[in-house]
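Here's a quick briefing to read with the structure open next to you.

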Amino acid sequence: MTDTPKSHGRLSIAASLIPRDLMGPTPQLQGAWQARIITLFPDAFPGVLGESLTGKALQEGLWGLEAIDLRQFGEGKHRNVDDTPTGGGAGMVLRPDVVAKALTEASRGTPQDRSRWPLIYLSPRGKPFDQATARRWSTTQGITLLCGRFEGVDQRVLDAFDIEEVSLGDFVLTGGEIAAQAMLDATVRLLPGVLGNQASTEEESFSEGLLEHPQYTRPAEWQGRPVPDVLLSGHHGKIAAWRQAQSEALTQARRPDLWAAHQARLADKR
Ligand code: SAH
């Protein structure tokens, strides 16, 4: 370790990746969905989001990503961002004053209305992330995600900024970065134009509250295992009915919670 601060300042991924001819202020790019991520590890972005369809969409300016380095708001020569937990205990806690400066920087130019620009702290204590959350986020103008590290963030800054806590699941990660990338992936793929085939997001798991049916491709027979006959029949009605039945059976067997919610929705409609 050296004393040189490893600060990169603001790392705006979109700007450097957009080819010259796409950098003009086209209406599409101006209104493009934006993610701002506050993190001690800005180099971790775009990470896997820079690959495949999300990466192509990022390069094309269909969405933008700005990683804001928390370290640059740190205190003193060493740009300290954390301190020991008040009251004792293991680990370190991110300081409220340092986090507040980063949140203020991240809020510049964003709408006050949180339904148009959610402010999220990735946290195992948060509301579990799900497909409905991804859908809601994909209809906003953008989002700010705060990635914690160590034991987490001082509660006072979470209260002061009225931050919503969202969890990737019932397990503990070492930091919020992987959770942020997972949630961004689920959200960005729902933005118009990101997936080649828009219909595929309507048919897949969770869109009707059910798990997806099994998928098959060629060869028609592999290691003595044929694909189900009905899929080769060319009869679209029968194929749709088979897939629906498979979805229902899988959901019932694997996810009684989703199945119960699905049944309740059907009952409501009747
Ligand atoms: N002491 C905390 C865990 C801290 S883990 C507790 O028990 O609740 C360090 C950081 O990783 C957190 O601040 C959070 O930003 C991130 N993190 C860990 N697990 C996560 C999860 N399941 N979902 C989202 N973020 C998580």
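Strand β6, residues 119–128, is the top contributor to the shell around the ligand, supplying four residues. Keep in mind that this is a predicted model. The protein chain holds ten helices and ten strands, and 27% of its 270 residues are buried.

**Around the ligand**
- In total, 19 residues surround the ligand.
- The closest of them are Leu122, Gly148, Leu173, Gly176 and Ala179.
- Sorted by class, the shell has eight nonpolar, eight polar and three charged residues.

**The nonpolar core**
- The largest nonpolar core has 44 residues, and the members touching the most others are Ile37, Leu122, Leu145 and Leu146.
- Helix α7 (residues 177–188) gives the most to this core, with five residues.
- Which residues does leucine 145 contact, once its neighbours within four places in sequence are left aside? They are Ala35, Ile37, Ile120, Leu122 and Ala180.

**Strands β2 and β3**
- Strand β2 (residues 33–39) runs parallel to β3, and seven bridges join the pair.
- One place to look is glutamine 34, whose bridge partner in β3 is glycine 64.
- Strand β3 (residues 63–69) is mostly covered, with six of its seven residues buried.

**Helix α10**
- Helix α10 covers residues 256–269, so count 14 residues here.
- From first C-alpha to last, α10 reaches 20 Å, close to the 20 Å expected at 1.5 Å a residue.
- Is α10 covered or uncovered? It is hardly covered: the count of buried residues among its 14 is zero.

**Threonine 133**
- You'll find threonine 133 in helix α5, which spans residues 131–138.
- Threonine 133 and alanine 186 are 53 residues apart along the chain, yet their C-alpha atoms are separated by 9.3 Å.

**Contacts across the chain**
- Take the contacts between residues at least 6 apart in sequence: 77% of them join residues at least 24 apart.

Methods:
Residues are numbered from 1 along each chain as its sequence is written. This is a predicted model: local features need pLDDT of at least 70, side-chain atom pairs count only at pLDDT 80 or more; totals for chains, interfaces and linings use all residues. A residue is near a molecule or strand if its C-beta atom, placed from the backbone, lies within 6 Å of it. Helices (H or I, at least four residues) and strands (E, at least two) are DSSP runs, numbered from the N terminus. Ala, Val, Leu, Ile, Met, Phe, Trp, Tyr, Cys and Pro count as nonpolar, Asp, Glu, Lys and Arg as charged, and the others, Gly among them, as polar. The expected span of a helix is 1.5 Å times one less than its number of residues. A residue is buried if 20 or more other C-beta atoms lie within 10 Å of its own, exposed if 12 or fewer, and partly exposed in between; C-beta atoms are placed from the backbone. A nonpolar core is a set of buried Ala, Val, Leu, Ile, Met, Phe, Trp, Tyr and Cys residues joined through C-beta atoms within 7 Å. Two residues are in contact if their C-beta atoms, placed from the backbone, lie within 7 Å. Two strands pair if DSSP finds at least two bridges between them.
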